[in-house]
Amino acid sequence: MGQASPLLIAHKTSIASHRHVDYLCIYIQSVLDIHADKSMCNHPQSIMEQRTKVFFTSDAHLGSAYHKDPRAVEQRLVCWLQTIQSEARAVYFLGDMFDYWFEYRAVVPRGYVRFLGQVAMMHDQGVEIHFFAGNHDVWFRDYLEEEVGAIIHHHAEVVELMGKTFRLAHGDEEYCVQKFSNKFLYKLFRNRIAQVLYAAVHPRWTVGFALSCSLRSRKRGMARRTLGNIPHAYDNDYFNVEQELLVRFAKKHSVEHPEIDYYLFGHRHLLIDLALKANKRVIVLGDWLQYNSFAVWDGEHLYIDQFEVE
């Protein structure tokens, strides 16, 4: 083989040198970025002073076959989180953000990478992240705590947020008193022995089974249009909000617990904002199947809004 010309060698050397400079620049920039991030972490108070709002949402049912385009739903949810990340002090996900979630010892459901990545980034920026277990994603263990930094809640919580007392819950625990079957399933899903037995079955069977059950339940629920006995009232103009079970629960509970100012629920896929006595409110958060809805508390005003993709 002939020797390469000095000109070709010089050209290759020049390319290698430029590449070395490029890699060095990238490395220096990454170090500067890390240093900037550490500087931000060293001044959490100044960052939190800029964050003035608490956000609440629920029932995205990520991964559900009921969504016409599941990826689009996840992307829409991520877009919303990106719009609020600079002003959010905390985000409360009040259950059923995933259509199915079960944590094995070393396995979690595939997907949701964009959503979980965005949530993890917000946590790293100082935003409090709270996940409430719903009836579809009841089997949270420690994955979201360790990998995302989230705080997990398995039951209703009463919290103080900027001068007001909130009772936050998914709503299935309150709603399960309606029928024996609801109460039975609620207890079964939370039974430790049942969870161990379920975990013994390979995910290739359990994941498909759970998602198909969820889809059948959703279709049955949407098919009901009987006045006063429908789980989802999208198309019923005569739905009596005063008879909604979660509204009735809040009315009764507020009498027994006058210290609570606001009741927030998910679960029912209804968009409700109802005033109660003594300036109290009950809000049902809607969902990300129909409404793309959420609630905002800024310390003075509590209101419902809907995210619109431009």
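The model is predicted: local features need pLDDT of at least 70, side-chain atom pairs count only at pLDDT 80 or more, and totals for chains, interfaces and linings use all residues. Residues are numbered from 1 along each chain as its sequence is written, and side-chain values use heavy atoms, with hydrogens and water left out.

**Salt bridges**

- Side chains of opposite charge can pair when their charged atoms come close.
- The structure holds five salt bridges (a side-chain nitrogen of Lys or Arg within 4 Å of a carboxyl oxygen of Asp or Glu).
- One of them joins E174 and R167, at 2.9 Å from N to O. E174 is buried at 5% relative accessibility, and R167 is buried at 10%. Buried means under 20% relative accessible area, exposed means over 50%, and partly exposed lies in between (1.4 Å probe, protein chains only).
- Another links K251 with E242, at 2.2 Å from N to O. K251 is partly exposed at 33% relative accessibility, and E242 is partly exposed at 33%.
- D273 forms a salt bridge with R281, their closest N and O atoms being 2.9 Å apart. D273 is partly exposed at 38% relative accessibility, whereas R281 is buried at 17%.

**Helix 4**

- Helices (H or I, at least four residues) and strands (E, at least two) are DSSP runs, numbered from the N terminus.
- Helix 4 covers residues 113-124, which is 12 residues. From its first C-alpha to its last it reaches 16 Å, close to the 16 Å expected; the expected span is 1.5 Å times one less than the number of residues.
- F115, L116, Q118, V119, A120 and M122 are the buried residues of helix 4.
- The elements that cover these buried residues include helix 3 (70-84), strand 2 (88-93), strand 3 (128-132) and helix 5 (143-147).

- Five of the five residues in strand 9 (residues 281-285) are buried.
- In a regular strand the side chains alternate between the two faces of the sheet. From strand 9, R281, I283 and L285 point one way, while V282 and V284 point the other way.
- Strand 7 (residues 262-265) pairs with strand 9 in the parallel sense over four bridges; two strands pair if DSSP finds at least two bridges between them. Y262 stands opposite R281 of strand 9.
- Strand 8 (residues 271-275) runs antiparallel to strand 9, joined by five bridges. I272 has V284 as its bridge partner in strand 9.
- The hairpin of strand 8 and strand 9 has five residues between the strands, and A278 there takes a positive phi near 60°.

**Nonpolar cores**

- A nonpolar core is a set of buried Ala, Val, Leu, Ile, Met, Phe, Trp, Tyr and Cys residues joined through side-chain atoms within 4.5 Å.
- The largest such core has 34 residues, of which F98, F115, F131 and L144 touch the most other members. Helix 3, strand 2, helix 4, strand 3 and strand 10 (293-297) each give two or more residues to this core. Helix 3 supplies the largest share, six residues.
- Not counting residues up to four places away in sequence, F131 touches several residues, including F93, F115, V119 and L144 (contact means heavy atoms within 4.5 Å).
- A second, separate core has 17 residues, among them A90, Y92, I283 and L285.
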